[in-house]
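Subject: Structure handover

Hi,

Here is the structure for you to look through. My notes on what was found in it follow below.

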Amino acid sequence: MKLRRLTMNNFMPYKGRSQIEFPTDDFRNVMLVFGDNMRGKTSLLNALRWGFYGEVIGRHSLPIPFQEVPNKEAAASGDWTVEIFIEFEANGHEYELRRRAEKRANVPFPQRPEDFVSQIFLKKDDMVVQGDLVEAEINQIAPQQTSRFFLFDGELLQEYESLLIEGSDQGRKIKDAIEQVLGVPSLINGRDEFTTILKTARKTQQRDLELVKGMETHAKQQAELNSRQDVLDRDIAALHARLEETRNEILLLDDEIEASQSIHTAKVKLDGLKARRKENEDYRDRKKIERLDLLSNAWRDLVEVKLAGRRAQLEQEREKITSEISEQAGVNLKVRQLKTLLDTQECPTCLQTLGDERRAKIGEQLGLLEVEMGRRQDSMTALQSISAQIEALSKIRGVQACDRLLLIDRDIQGHEVELTRIENEAATLEDQIRGFDTAEIARKRALRDGKKQEEGTLLKDVAEAKRNLDKVKGDLAITQKTIEGLSQTRSQRSTIKAKVVSDLEKVFADSIENLRDSLRDAVEQKSTEAFREMTTQKTYSGLKINESYGLSILDEKSEQVTVRSAGAEQIVALSLIDGLNRTGRSAGPVVMDTPMGRLDLKHRDNILSYLPNVTSQFVLLVHSGEIRRETDLVALASRIGAIYEVKEVNSRHSIIERQ
């Protein structure tokens, strides 16, 4: 298949008629479309998608309501007509595909997809294809299931990178999409058809059993199991519907939250600034109170010098009195000894009687000592008085008010400066979030978190319901075998039909697993070929695929590489897409939208050199940050057949021009 020409009328940012010519030369089969973000590159992808399949998708592969598709500037002037005309060739035939949508005559301002009426026309070799055969003809050329490999953007690449996370929910979702593309659903649909037929056959068999004497128990058991299976099938279908709805709600909330992320970040930062402001204000206020207390005691520094001299004088006096009092113990002993001599009138040493003269001298000496003891008693009173004065004066100490006031003033000034900075930053943030409902943003974040928990619960419920269903199916199979083995039921038409249908269901189920294994091997081989061509690390031996189509890099020893860069994961994802592309469909065009954001120049060269060789046409939609015309197109220069650039006229109008 090769694209020849795309003509658009009022499609998204392209007001009026816009046209691009695709290169059809087998060698010069590369087309580059340059354009800044939000200018309309992805709209070209959607123009092809709407032309072929009648759908326009946005982020997370969610459909864009058609009332958002007509060019806003044209619609404002009353022109709501949208048209896509695609000319292409496939399988030796020339095709002209036209899809047109107009607002209904009785609708002044379309607000729903139902407000439009659309038509599709297809010519094959100048012969009009009958209307009810158009979609069948398109699906023979480019089946919608393979469109994700025909038209894909950077988001698809990120989705496939999630396959590298074994067992991820996104990985399971992509696995289902891959198997759909590779044809597994044909067998799955066949198996499901036989499952439905088997249910009907068993119910007929159950009614026949009720008429056979002695089979009442088997009939009742089969009826209960059939009823239980119907309930579980309905429960699983309802759970899947709720799960899909919940996941879509999460995706929409994620987009809304992402769009308001800067506001949320500003709000969190503002709350932090308010808390810091409160802490700084509290600290500053405490310091001001401390300053007032210090000023109220500053007088102590003024009397500190005089009081210090008086304290020193009193200390000397106390030391002198203390020394005198310490000598009193010897005087007391001597007084007691003299009193003993006077009382005994006998010398304790020589035991001789004391004479009057000697006793008179002792009495005189005793009197002098008693006078001295009286003076010592007065010294004790003086000591107590001095100690009391020293203690009182010690309570009046200087507070070093001058030095401490300087430190406090410097501290307060620093916090005042910090408060001013916080106030200025807070004012800027308040201006940024003014007009936004931050409470609503917080509500959506909480709602998103709640939906994620709900998703986890639903996944567990689905798994539990499937386990119960498998058990019921097993019990039904056992019951079926038992009934088939009974002589009175073996030859019944309903029993024979149930057995045949059951065997056919098993054949399809086994075929599904065999096809899956075969397809995985083919995808692994082709993905490895692509990886070897595109990677810059030539020592890698290839890729290994798992049951979820996740790919692991193998080193030169065929051991798994556990640490990979973001660029390496992107190469692996591209290799998988190329492998699936070549496994799931014949060679055709590939249109890529911004796929090279994290790749180094060497990897870009390898990709740009490889992909044109495995596609009939390679269309690359890029912005200047991905590919620089002057330096990054050397490896591709000889294969470029056309270059276009998307330019902005205004926010609602873009044009595309050939360079």
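In helix 3 (residues 134–141), Val134, Glu137, Ile138 and Ile141 are buried. Buried means under 20% relative accessible area, exposed over 50% and partly exposed in between, with a 1.4 Å probe and protein chains only. Seen down the axis of helix 3, the buried residues fall within an arc of 100°, so they line one face. The arc is taken from the directions from the helix axis to the C-beta atoms. An α-helix has 3.6 residues a turn, so residues three or four places apart point the same way. Glu135 and Gln140 are exposed on the other side of helix 3. The buried residues of helix 3 pack against helix 1, strand 4 (82–90), strand 5 and strand 6. Helices (H or I, at least four residues) and strands (E, at least two) are DSSP runs, numbered from the N terminus.

Some ground rules. This is a predicted model: local features need pLDDT of at least 70, side-chain atom pairs count only at pLDDT 80 or more, and totals for chains, interfaces and linings use all residues. Residues are numbered from 1 along each chain as its sequence is written, and side-chain values use heavy atoms, with hydrogens and water left out.

Now the cores. The largest nonpolar core has 47 residues. A nonpolar core is a set of buried Ala, Val, Leu, Ile, Met, Phe, Trp, Tyr and Cys residues joined through side-chain atoms within 4.5 Å. Met1, Leu3, Leu6, Phe11, Phe52, Ile86 and Phe88 touch the most other members. Helix 1 (residues 41–53) gives the largest share of this core, seven residues. Another core, of 33 residues, lies apart from it; Val572, Leu611, Leu633 and Leu636 are among its members.

Look at Phe52. Beyond its neighbours within four places in sequence, Phe52 is in contact (heavy atoms within 4.5 Å) with Met1, Leu3, Ile86, Phe88, Leu97, Arg99, Ile138 and Phe150. Phe52 and Tyr53 are both buried.

On to the rings. The structure holds ten aromatic pairs. Phe52 and Tyr53 form a tilted one, 5.9 Å centre to centre with 35° between the planes. Rings of Phe, Tyr and Trp (its six-membered ring) pair if their centres lie within 6.5 Å; planes under 30 degrees apart count as stacked, over 60 as edge-to-face and the rest as tilted. Ring pairs also link Phe11, Trp50, Phe66, Trp80, Phe109 and Phe116 into a cluster.

Two arginines sit over rings. Arg98 lies over the face of Phe85, 4.0 Å from the ring centre. The charged end of Arg639 is over the ring of Phe27, 4.6 Å from its centre. The test is NZ of Lys or CZ of Arg within 6 Å of the ring centre and within 35 degrees of the ring normal.

Strand 1 (residues 2–11) and strand 2 (residues 14–21) run antiparallel, joined by six bridges. Strands pair if DSSP finds at least two bridges between them. Arg5 has Glu21 in strand 2 as its bridge partner. This hairpin has two residues between the strands, and Met12 takes a positive phi near 55°. Strand 13 (residues 640–650) and strand 14 (residues 653–658) also pair antiparallel, over six bridges. Their hairpin has two residues between the strands.

Last, two loop aspartates. Asp115 is found between strand 5 (93–103) and strand 6 (116–124). Asp115 is buried, with a relative accessible area of 8%. Asp126, in the loop between strand 6 and strand 7 (127–128), is exposed at 64%.

Best wishes
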